[in-house]
Amino acid sequence: MANEQRRSLRQRLFAILIAGIGSAAASVISYAAAIYHAANPAPLRTAATGEMIDTGQWHITIAGARISNKPPTGIKPTEPQTFLLVDFEADNRSAASTFIPSALFSFDPTIPELPEPTIYLVRDRWIAGPVNPRMPEKLTAAWQLPQDYAPPPELRLLVGSQIYKERDNLYGASNWFDREPVAAVELDLPDAGAEARR
Amino acid sequence: MSGGLKNAVALCLAIAALYGMRLSTPLYSEIVSPVAVPGVQGKPAKTARFVMGIVKVYLAQELTAPGLGGTRTYTTSGRWLVIEAAAKASNESIALTSAQWRGPDGIRYAMTRRLSTTPGLLGSERLEPGIPRPILLVFELPENQIEGGTLLIAESALAPLSEQLQITMTPIEAANIHPSITIERGGHILPWKLEFQ
């Protein structure tokens with residue numbers, strides 16, 4: 001009787017030990033993998049202008065960049081201002097009309113005190129609304145550059161990505177979420193400086 | 001041996017039951033989504049808070065409308081769908097602000113924001129109980145998402161569990177398809193006037 005009890009106790013201990021070692025090994029491997037990937041990020045893909053970039057929710061094609069003293073509306077502001085304009089085409093791959101996310105574009109190195117861009121619809125030369133699925137549109141992102149900032153002749157634009165979560169971590173609702181950049185585009189600014197302060 | 005078999009069967013059943021529950025759990029977005037009220041074109045569709053009827057539906061390749069700083073022509077890579085409708089609040093004054101077009105593939109197109117200053121557009125006026133008001137709806141749609149579409153109308157796109165009218169639309173008559181439609185400011189009763197080319 002006592003012998004049998006001891007044996008079953010030993011079996012249970014053995015099972016607990018195996019489970020403990022297994023789960024400890026699983027968490028160590030998962031943490032180690034996460035730390036390794038954070039320390040050695042995969043090199044960012046460099047896309048040429050005119051090349052399609054799949055960001056998850058969008059297919060983005062960067063056409064080019066320019067410096068202008070006018071926003072894409074063509075109406076010159078009363079106070080002289082400098083705008084950095086990036087022309088691109090966006091195809092909405094989701095199932096509903098969506099605004100271009102404000103975190104879609106960033107620069108490397110970052111431009112200090114750069115405000116959020118305003119997205120213009122080339123068709124209307126006016127501020128763009130939500131972009132419809134299956135209707136690719138030509139758009140222009142316009143950044144109003146800080147007054148004391150001299151744009152360099154080359155800029156590196158990072159294009160962000162989005163993932164779809166069927167159940168998000170907070171509410172369990174379905175939504176798109178911004179993720180880190182998927183591609184970098186080297187942009188030439190041929191008229192930097194000259195045209196900017198005209 | 002039979003005990004082990006029983007355990008294995010119980011385990012499989014439990015896994016199947018858990019998997020079934022996981023599959024059948026509705027998404028949060030589904031739990032709080034608007035309550036659908038079906039309707040058909042040609043009959044007034046009624047929710048608890050408002051009544052709406054579709055009067056006429058037009059299709060065009062190009063739209064000309066009064067915009068900021070003069071009349072503008074709006075081009076599109078698809079088609080413009082222009083819907084003339086009328087709506088009335090039931091018990092208290094409300095504002096209808098959300099209109100979507102659900103294409104036959106289930107894709108949702110929001111009402112265009114390109115014509116922001118056109119008179120009579122949905123959301124530009126409040127509805128009062130007992131006073132029917134004309135409402136203009138304009139959508140920009142790809143050609144293959146027009147036929148077999150559903151019009152979704154709600155007070156707000158963000159209010160969960162509120163009622164949403166889902167009006168099944170009939171195919172557009174050939175006489176109502178035009179190369180270009182001009183929207184002009186209208187008179188006292190109808191705030192807009194359509195001209196066809």
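Because the model is predicted, local features are reported at pLDDT of at least 70 and side-chain atom pairs at pLDDT 80 or more, whereas totals for chains, interfaces and linings use all residues. Residues are numbered from 1 along each chain as its sequence is written, chains are lettered from A in the order in which they are written, and side-chain values rest on heavy atoms, without hydrogens and water.

Between them, chain A and chain B bury about 1900 Å², with 50% of this on carbon and sulfur atoms (buried area being the accessible area, taken with a 1.4 Å probe, that two parts lose on being put together, summed over both). To the contact, defined by heavy atoms within 4.5 Å, chain A contributes 21 residues and chain B 26 residues.

Across this interface 2 salt bridges are found, a salt bridge being a side-chain nitrogen of Lys or Arg within 4 Å of a carboxyl oxygen of Asp or Glu. In one of them, Arg114(B) pairs with Asp124(A), with the closest N and O atoms 2.7 Å apart; the pair crosses from the loop between strand 6 (108-110) and strand 7 (133-141) of chain B to the loop between strand 6 and strand 7 of chain A. Arg114(B) is buried at 11% relative accessibility, and Asp124(A) is likewise buried at 8% (buried is under 20% relative accessible area, exposed over 50%, and partly exposed in between, with a 1.4 Å probe and protein chains only). Arg134(A) and Asp105(B) form a salt bridge with the closest N and O atoms 2.8 Å apart, and both residues are partly exposed, Arg134(A) at 42% and Asp105(B) at 48%.

Over all chains, 14 salt bridges are found. Among them, Arg123(A) pairs with Glu137(A), the closest N and O atoms being 3.1 Å apart; since Arg123(A) lies in the loop between strand 6 (118-121) and strand 7 (126-127) and Glu137(A) in strand 8 (residues 137-144) of chain A, the pair ties together parts that are 14 residues apart in sequence. Arg123(A) is partly exposed at 31%, whereas Glu137(A) is buried at 8%.

Helices are DSSP runs of H or I with at least four residues, and strands are runs of E with at least two, numbered from the N terminus. Helix 1 is hardly covered, with 0 buried residues among its 38.
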